[in-house]
Amino acid sequence: MRLQHKTTLFYLIVSIPLVGIAAFVSYYVIRAELKNGTEEVLRTELHSAKKIIRTFGHPQSIRISSDGLSKIQLVENALPMEHIKDTLIFDPIEKENVEYTILRSNFRFKNQLFQIDLYKNNMDSEELLEGLWAGFGILIAFLFSGFLFVNWFISKTIWKPFFATIHRLEKYDLKQHDSFKLEQVSTYEFNQLNTVVNTMTNKIQNDFIQHKEFTENASHEMQTPLAVIKANLSILMQAPSLSEVEMNAIESIENTIKKLSALNRTLLLLTKIDNQQFTEVETLDLSKLCSSVLENYADLINSRDIKLELNLEHSLQVTMNGTLAEILISNLIQNAIRHNLNNGEIFISTTRNSLILSNTGNPLTMPSVELFLRFRKSVVNNESIGLGLSLVKSITEKNGFSISHSYSSHFHTFTLTI
Amino acid sequence: MKILLIEDETELRNSIEQYLKLEGFLIESVADFTDASYKLADYNYDCILVDITLPNGNGLDLIRQVKKSQSKVGIIIISAKNSIDDKINGLDLGADDYLPKPFSLAELNSRIKALIRRNNFSGNTTLLLNEIAIIPEERLVKINDEKVLLTAKEFDLLLFFVMNKNRVVSKNTIAEHLWGDDSDQMDSHDFIYVHLRNLKKKLAEKGCKDYIQNIYGIGYNFNLEA
């Protein structure tokens with residue numbers, strides 16, 4: 001629910017009972033006033049009636065009003081008094097009970113007792129009530145449209161900086177290096193918001209940069225100790241009479257170091273890609289690149305008796321960093337070889353906007369999407385460090401390409417779409 | 001052949017020194033920028049191995065300094081930062097080679113030798129080992145004066161063995177030398193076995209002795225002393 005709808009609703013929730021109470025109170029106040037008015041009128045009439053009696057002095061009864069109810073009559077055995085009361089009288093024309101106010105006064109004049117009854121109907125006040133309710137209804141309608149207008153106006157003008165901030169935040173990308181700064185605005189609260197957001201994004205940005213630098217530094221720092229181990233191992237290997245056990249141990253250490261340095265190098269590369277350190281771009285043909293990269297792997301493909309089938313006639317032009325393009329293609333091809341079967345097959349083909357690599361292989365032991373996550377690898381192949389495809393993913397994403405995987409009838413197919 | 005090694009990590013400095021001494025190089029080593037700067041001002045070297053990040057200074061500045069006074073010196077950058085920028089800067093300043101850590105000593109050795117060979121003999125040199133003659137710049141191999149036709153990989157393999165003669169080189173080191181980072185995640189044995197077998201066969205056909213010893217598990221030794 002929008003803020004302006006909410007405030008309008010709250011205004012209504014509060015204002016409807018308030019207006020109701022106001023209407024109720026107004027009704028009684030006005031009614032009391034009317035009653036006073038009625039009584040005043042009756043007393044004025046009483047005064048006139050007494051005047052009539054004094055002037056004419058007739059003992060007979062007199063009708064003194066058009067409604068036929070007010071009258072003067074002679075009475076006996078009564079005390080002089082005066083009182084006002086309300087009563088209901090059936091009106092044969094309207095066919096309903098009508099409320100009347102009656103003023104009765106016993107008035108002694110020349111030893112005669114006159115009883116004066118004055119009637120005044122209160123029909124007006126009931127109509128007033130109806131009018132009141134209608135009036136308040138119109139008032140609520142006006143208030144409501146007023147609220148709506150004011151809210152609309154507020155959101156158009158006063159809330160403008162707020163929506164501007166939201167818009168900027170929506171577009172905010174941590175990985176883009178331009179510093180994020182929201183402008184000063186005239187509203188105090190929004191200014192406060194912008195200041196807080198600025199401080200927060202700066203902190204996040206700094207943390208992010210530090211984190212990236214840490215990863216990069218950590219990988220760098222690891223290279224030297226690795227170099228020390230590797231160097232010492234080279235020396236150890238030269239020892240003249242190594243036993244079989246010792247040689248096995250050396251080999252195992254060597255292989256482990258190789259894996260560790262590959263891991264380290266790949267992590268560093270991933271960090272560098274994330275840090276956008278490969279900014280230079282060129283236009284190159286992925287079909288040609290495939291052919292040249294494949295030359296490096298020809299021996300390996302032969303040694304595993306893998307049948308290679310190429311369909312690279314279509315040129316596939318892309319604009320991207322040359323190093324990354326090579327890493328991308330190398331990793332896809334390496335993947336196709338590593339996870340292949342002996343005597344397997346590899347098909348590589350290009351279309352106008354895609355590169356398709358298929359290779360024979362065992363089905364995945366995990367969902368297809370997880371394939372591109374870091375350190376996900378099939379249990380079967382222990383040589384893999386599990387970063388090759390995440391590297392592929394990272395490079396494709398950075399360049400706005402997409403990569404997908406599918407498996408059917410013993411073939412893994414990777415489709416790179418430009 | 002005089003080499004100056006500039007490396008701040010003691011362990012690595014010691015191992016490199018030890019290995020290169022075995023190869024017959026005269027090697028001096030320093031651990032920081034200041035010492036290196038003095039050494040370079042006072043003495044001439046055939047080759048310097050320089051780390052980029054050093055205590056009290058940057059290795060690139062040392063390259064600038066040395067290029068002013070000793071233009072013929074060969075320079076190899078050994079750096080933990082495998083950064084393209086450093087590499088380009090270094091090579092622009094006049095460094096001859098860039099070897100990212102971690103490297104194998106056999107690789108370092110073969111690069112130093114190739115560099116010295118290029119610098120001192122203007123490329124026209126024949127390596128003679130008993131019945132084998134190799135002219136690296138022409139990529140030519142002769143056994144008893146008879147040409148052997150080798151593929152590119154076989155030639156590189158033989159040259160690498162010769163550069164590291166009488167040393168045990170591991171299969172991983174060979175694979176790395178021949179295929180670079182591509183060999184990272186593969187079983188090195190797969191990479192080299194076929195080439196090694198063919199090389200051995202071609203050399204034997206021309207009457208070359210089988211110098212390539214298989215060192216169980218680890219790798220090979222091109223052993224001329226046996």
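**Notes on a two-chain predicted model**

1. Let's start where the chains meet: 35 residues of chain A and 33 residues of chain B make up the contact. On the side of chain A that touches chain B, the elements giving two or more residues are H4, helix H5 (244–274), helix H6 (286–303) and helix H7 (322–338) of chain A. H4(A) supplies the largest share of that side, 12 residues. Sorted by class, the side of chain A that touches chain B holds 15 polar, 11 nonpolar and 9 charged residues.

2. A word on the two chains in outline. Chain A contains 8 helices and 12 strands, and chain B contains 8 helices and 14 strands. Of the 418 residues in chain A, 22% are buried; of the 226 residues in chain B, 44% are. Taking contacts with a separation of 6 or more, residues 24 or more positions apart account for 64% in chain A. For chain B, 57% of the contacts between residues at least 6 apart join residues at least 24 apart.

3. On confidence, chain A has an average pLDDT of 82, and 94% of its residues score at least 70. Among the elements of chain A, the lowest mean pLDDT (63) belongs to strand S1 (residues 62–63), and the highest (90) to strand S9 (residues 345–350).

4. Now the interior. In soluble globular proteins, nonpolar side chains tend to be buried together. Here the largest nonpolar core has 69 residues, and those with the most contacts inside it are Ile3(B), Ile6(B), Ile48(B), Leu49(B), Val50(B) and Ile75(B).

5. Helix H7(A) deserves a look of its own. H7(A) has 17 residues and reaches 24 Å from its first C-alpha to its last, close to the 24 Å expected at 1.5 Å a residue. Is H7(A) largely enclosed or largely open? Since 13 of its 17 residues are buried, H7(A) is largely enclosed by the rest of the structure.

6. S9(A) and strand S10 (residues 354–360) of chain A run antiparallel and are joined by 5 bridges, with a hairpin of 3 residues connecting S9(A) to S10(A). Within this pairing, Ile346(A) has Asn359(A) in S10(A) as its bridge partner. S10(A) is also joined to strand S12 (residues 411–417) of chain A, by 7 bridges and again antiparallel. There, Leu355(A) stands opposite Leu416(A) in S12(A).

7. Two residues have partners some way along the chain. Thr87(A) sits in strand S3 (residues 82–91) of chain A and counts as exposed because it has 11 C-beta neighbours inside 10 Å. Its C-alpha is 5.8 Å from that of Glu99(A), 12 residues apart along the chain, and Thr87(A) touches Tyr100(A) and Ile102(A), not counting residues up to four places away in sequence. In chain B, Lys67(B) belongs to helix H3 (residues 59–69) and is partly exposed, with 14 C-beta neighbours inside 10 Å. Leaving aside neighbours within four places in sequence, Lys67(B) is in contact with Leu93(B) and Gly94(B); the C-alpha atoms of Lys67(B) and Gly94(B) are 7.0 Å apart.

8. Finally, some backbone points to check. Most residues other than glycine have a negative phi, and most peptide bonds are trans. The peptide bond from Lys101(B) to Pro102(B) is cis, with omega near -5°, and Pro102(B) lies in the loop between strand S7 (97–100) and helix H5 (105–121) of chain B. Asn343(A), not a glycine, has a positive phi of about 65°; Asn343(A) is in the loop between H7 and S9 of chain A and counts as exposed, with 10 C-beta neighbours inside 10 Å. Asp145(B), also not a glycine, has a positive phi of about 65°. Asp145(B) lies in the loop between strand S10 (140–143) and strand S11 (146–148) of chain B, and with 8 C-beta neighbours inside 10 Å it counts as exposed.

Methods
Residues are numbered from 1 along each chain as its sequence is written. Chains are lettered from A and ligands numbered from 1 in the order in which they are written. This is a predicted model: local features need pLDDT of at least 70, side-chain atom pairs count only at pLDDT 80 or more; totals for chains, interfaces and linings use all residues. Helices (H or I, at least four residues) and strands (E, at least two) are DSSP runs, numbered from the N terminus. A residue is buried if 20 or more other C-beta atoms lie within 10 Å of its own, exposed if 12 or fewer, and partly exposed in between; C-beta atoms are placed from the backbone. Two residues are in contact if their C-beta atoms, placed from the backbone, lie within 7 Å. A nonpolar core is a set of buried Ala, Val, Leu, Ile, Met, Phe, Trp, Tyr and Cys residues joined through C-beta atoms within 7 Å. pLDDT is the predictor's confidence in each residue, from 0 to 100. Ala, Val, Leu, Ile, Met, Phe, Trp, Tyr, Cys and Pro count as nonpolar, Asp, Glu, Lys and Arg as charged, and the others, Gly among them, as polar. Two strands pair if DSSP finds at least two bridges between them. The expected span of a helix is 1.5 Å times one less than its number of residues.
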